[in-house]
Amino acid sequence: MSNRDETSRPSAASADSSTTPWDPRPETQITLRSPAELADSLPYLMGFHPTDSIVMVALHGDRGRFGGRLRLGIPGSRAEWPEVCDQLAETLVAGSAKRGARPDGIVLFLCRDPGEGETALEVMERLQPLAQCLRVACGSLDVPVFEALCISGGRFWSYCCPDERCCPPEGVPLALPGTSVMAAAAAYAGIQVRGTLREMEARYAPLTGDRAEAQLRALDGAAADLVPRILSGTDCETVRQETLDLVRLLLDRFQEAEPGTQRAAADARDDALIGADEAATIIIGLQDRAARDRAAEWMEGPQAPAALRLWRALARRCVPPYQEHATAPFALAGWVAWSLGDHPEARVALGGALDIDPGYLFAQLLHRACNEGLDPELLRRCLRRERAGRALAAAVEAEADAAGSDRARAGRSGGAGERTGASPAAEKTMTEKSAEGTTAEGKTVAGRTAAEKTLPTRRRRPAATDGPVGPATANGPVGKARPRRRTGQRGARSRQ
């Protein structure tokens, strides 16, 4: 994952970077006095042990305060090194300047474990041209590299220090974990090292063996069923709701199952909580961007840790040839991790999404925001507003449906009244109310009232018997039928 595509040029824009200084406590200052202490500080600066990585750390001020950090997988082709080095130097310097100040210097780390049949010393020698290329790129921007270290096979070498007394040719063993000043400060600040980058990436690796074959069959079936429904547009909202309902069901299931402490065992337990058909339905459903965006709303509260575990498990279910479908679970995992304040995991997950699809905009925006040290609360507020807006729209729609049902019941009740012989006065009153509700003036475009069109046709009573049609009071009748009688006659003629 960290190397991107070995056959293509890596992009520094997608590098894991951060311009936020590492400062465990505002009142705490840690002084690193040797290359050995500097090498030991790297996993605490990053939150994990980088593997196959270029790591650059900006330094500020006379005392060399740590600033922005940047990590990128070491390109596989040496021909790419000059251009990649220029991009990395420009990215770190420009990012630091954007956040407040240009760096006064840079510390460089090259991390790679020996391959089969290779020694750590050979790794150091092979990467020396890369270190020199990075030093030249930084120097061209007037930012010197104060130290460049190679870490391999449990030892480190300095490309800058010529003193063999502190940096012998055979390298210097790294300090035992937890025994350095930096380790003590990190423990005091509550910072934990999450293992190696390779171990973190392994939590998202696709399943293998019999479970992978069963998942592949389920994905084939879900794709044949759901993709035509999504593409048709007519059934897309139904598929979206089915996907989100299933996600909600699995989140409840994950919340009830306590996460394990050992990574491998915890991931295996999470895998057992999901059926192959359930995973396939969600994976295909999340290819709809609207469904993915709504799934991103599970990013805080007690459901957030369960959501992170679920997205990891679904990424593992994207077995070949469905690896490209893992972009959505990867990006959602990265978003939830960032929202929870777990920046190392967020960068690993978002970097994995960009490995699969470098043009995946959702992951691009999140990755950039995380690297630039933005506050995820800004995005959380947007998602809360979206959720509240949908809830309000649903409530309005439900109220409108209820009102429509009431009108329908009232209409059925009125029809029964006519069949049982409603009085002419009652018919006339209902007609007048209907006319008043039609327009403000009670007139149509043709100049006739709505009552003229809806007044029931009845035989007119003799004029001598014409009397009040309004309600009576204790003092006698009120209101007389003056214009309404003539209006009723015109309405009758209009219907003939």
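What follows is a short chat about this structure.

Q: What should I know before reading any values?
A: This is a predicted model, in which local features need pLDDT of at least 70 and side-chain atom pairs count only at pLDDT 80 or more, while totals for chains, interfaces and linings use all residues. Residues are numbered from 1 along each chain as its sequence is written, and side-chain values use heavy atoms, with hydrogens and water left out.

Q: How many helices and strands does the protein have?
A: The protein has 18 helices and 9 strands, where helices (H or I, at least four residues) and strands (E, at least two) are DSSP runs numbered from the N terminus.

Q: And what share of the residues is buried?
A: Of the 496 residues in the protein, 43% are buried, with buried meaning under 20% relative accessible area, exposed over 50%, and partly exposed in between (1.4 Å probe, protein chains only).

Q: Which residues of helix 4 are buried?
A: In helix 4, which spans residues 181–189, the buried residues are Met182, Ala183, Ala185 and Ala186. They line one face of the helix, because they fall within an arc of 165° when seen down the axis of helix 4; the arc is that of the directions from the helix axis to the C-beta atoms.

Q: What covers them?
A: The cover over the buried residues of helix 4 includes helix 1 (35–46) and strand 3 (65–73), judged by contact, which means heavy atoms within 4.5 Å. Just after helix 4, glycine 190 takes a positive phi of about 80°.

Q: Changing topic, which residues other than glycine have a positive phi?
A: Among them are aspartate 52, with phi near 50°, and aspartate 142, with phi near 65°. For context, most residues other than glycine have a negative phi, and most peptide bonds are trans.

Q: Is aspartate 52 buried or exposed, and where does it lie?
A: Aspartate 52 counts as buried, because its relative accessibility is 16%, and it lies in the loop between helix 1 and strand 2 (53–60).

Q: And aspartate 142, buried or exposed?
A: Aspartate 142 is exposed, with a relative accessible area of 67%, and it lies in the loop between helix 3 (120–139) and strand 5 (145–152).

Q: Which residues does a cis peptide bond join?
A: A cis peptide bond, with omega about 5°, joins proline 320 and proline 321, and proline 321 lies in the loop between helix 11 (303–316) and helix 12 (327–339).
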